[in-house]
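Reader: I am new to this structure and would like a close look at one part of it, the place where the two chains meet. Please take me through that part and then through whatever lies next to it in the description.

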Amino acid sequence: MGYNQDPSVQPDALSGKVTLPASLDDVEMVQAVRTPAAIDYIATPGASLSAYLRGMKQKKILGDVCPVTGQVFVPPRGVSPVSGQRTTEMVEVSDQGYVESFNVTRLPIKSRPDLKPPYVSAWVVPDGSNVGSIALVAGIEPEEVRIGMRVGAVWKPDDELEESAANILHWEPTGEPDVVLDDLRIIGKPGDNQ
Amino acid sequence: MSKQRAAVIGVGQTKYASTRGDVSMAGLVREAAYRALEMAGKTWADIDAVVLGKAPDFFEGVMMPEIYLAEALGCVGKPILRVHTAGSVGGSTAVVATSLVQGGIHGTVLTLGFEKQSESNAMWALSLPSPFTTSINAGAGGYFSPIIRRYMEYSGAPELIGCMVALKDRQHALNNPYAHVQDHELTFDKVVESPMLWDPIRYSETCPSSDGACAMILTDETGAEAHDGPVAWIHGTAMRSEANNYGGRNVVSPKASEDCAADVFAQAGITNPREQIDAVEMYVPFSWYEPMWLESLGFAEKGEGWRMVESGATNMVGGDLPVNCSGGVLSTNPIGASGMIRFAEAALQVMGEAGAHQVDGAKTAFGHAYGGGAQYYAMWVVGAEKP
């Protein structure tokens, strides 16, 4: 091989033998110890996300408006990812939208043991928002989901609503005609491809 | 050009594997560093600074490992710098190390990327539940598969192009003794029949989880001219980043990717990448990213990258633009090292030191890395001739 080092051979400096006492001759060396750890976080959402979570409890989806481009972002972060400017205005977007793209996930996921694969993980763009976010699409066979398919939010019963994005159980087809996506850009206003 | 010239004079890699249980993190990085020093004919005393990169600390659960690894990397009392740009970090780390030499700050720098995925759980470390969004995403494949689906629909590419890339890269890996996946029995049919994980991505179209480290020794013009051995001259480096979700974003070919490629090719005097570049090491963790990046980087027209795959243009044998002769990320993926392996393998090609996966007569090579939600980019062009 041109690159004069055989990967099966340890460099000399690393191959120094360790001499163990005879009593350990037949003992298997420990190579790894598994020590699972977990951390719980207390997240402070900030003004925009707090308003968004309070909105979710009212079955309203709130987004931030970029003060420079007018683009609407959901979930709102208090700052525009296009201009870098702090946002000052919030608007309600629709709980109807379309599927920008999707996958059919065939793996179980740890955070949702209730969710049995296969399931459809989609980028759903609500009407009035310039971006989509990952959402569950259900109420349809996975093979029948399409890019551009119109969907609507299915909310938890009113008495179970919390300050959480989990209030939307999933999105399901509305039966309206598909949206035609004519290029690869996330929906934007003309000239937004900067 | 106000920058000073810089060059690679040493490359060192560990044997990549799903579990390197024979070494600790410190042993892993030292193995790669030692081999890079040996190739460069240098000792620890010749190294002025170390620039190290890895993926988030969250993966292995070791906070700020650069501090604990300083001794293993022979840099106690010397500057050590950690770079962090998600999956592209191996590339960005090499770019930062290069800039220290080009800026005249240090004469000779050791740069290294590593990951010990056997001690971590990268997939679930990337999929944390939060109260602000729906927590149904299953790792990087969950994130990238809808983008791949957009590309497939937009380009009209035949459904099995991704399988062709997967088989090609695994066959390339058989010529690289360091590569993790060494599957002599793999066939096209086996790739096609492997289970869908995130439809449209199959298991065999997905990168493995690897343990490993990759190191390079970079030096200035004086050091490279005095060096008795192969040299890869750095002709250009570039980095870019962007937000991962904004109106008007092209998710298949993000602006940061196109801008980064335009910048690095302009520095290297490359006006026709397909003609002028002899070997490409591209960051392809999911097979469909090969045609997608071929288009984004300017090797193919928009919507036509899959035709290069289909025609065999990116094969080491018979292709005019061999891509990932090392086997690529699809065959070896210690995340923090994966970008640096691309850069190092590009350097080995122009040094004529790539062994059984050497592209004959390679004079100019391209190394590429991306990370995050296709947000972070790092690229370099290296050449056998001094720029």
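Author: In this predicted model, the side of chain B that touches chain A is made of 51 residues, and they are in contact with 53 residues of chain A. On chain B, three elements each supply at least two residues of that side: helix H1 (25-40), helix H5 (139-155) and strand S5 (196-199). H5(B) gives the largest share, eight residues. Sorted by class, the side of chain B that touches chain A holds 23 nonpolar, 17 polar and 11 charged residues.

Strand S5 of chain B also takes part in strand pairing across the two chains. It pairs with strand S4 (residues 96-105) of chain A in the antiparallel sense, over two bridges. In one of the bridges, A:Val104 has B:Asp199 as its partner.

Chain A also has a sheet to look at. Three of its strands form an open, antiparallel sheet in the order S2-S1-S3. Strand S2 (72-73) and strand S3 (89-93) of chain A are at the edges and have a single partner strand each, so each has one side without a neighbour in the sheet. Strand S1 (residues 61-65) of chain A is joined to S2(A) by two bridges, and these two strands run antiparallel. A:Val65 has A:Val72, in S2(A), as its bridge partner. A helix lies against this sheet: H1 (residues 46-57) of chain A packs on it and touches S1 and S3 of chain A. The direction of H1(A) makes about 155° with that of S1(A).

Note on methods. Residues numbered from 1 in each chain as written. Chains lettered and ligands numbered in written order. Predicted model: local features only at pLDDT ≥ 70, side-chain atom pairs only at ≥ 80, totals over all residues. Contact = placed C-beta atoms within 7 Å. Helix = DSSP H or I, 4+ residues; strand = E, 2+ residues; numbered from the N terminus. Nonpolar A, V, L, I, M, F, W, Y, C, P; charged D, E, K, R; others polar. Pairing = 2+ DSSP bridges. Axes fitted to C-alpha atoms, helices over the stretch in contact; angles between N-to-C directions.
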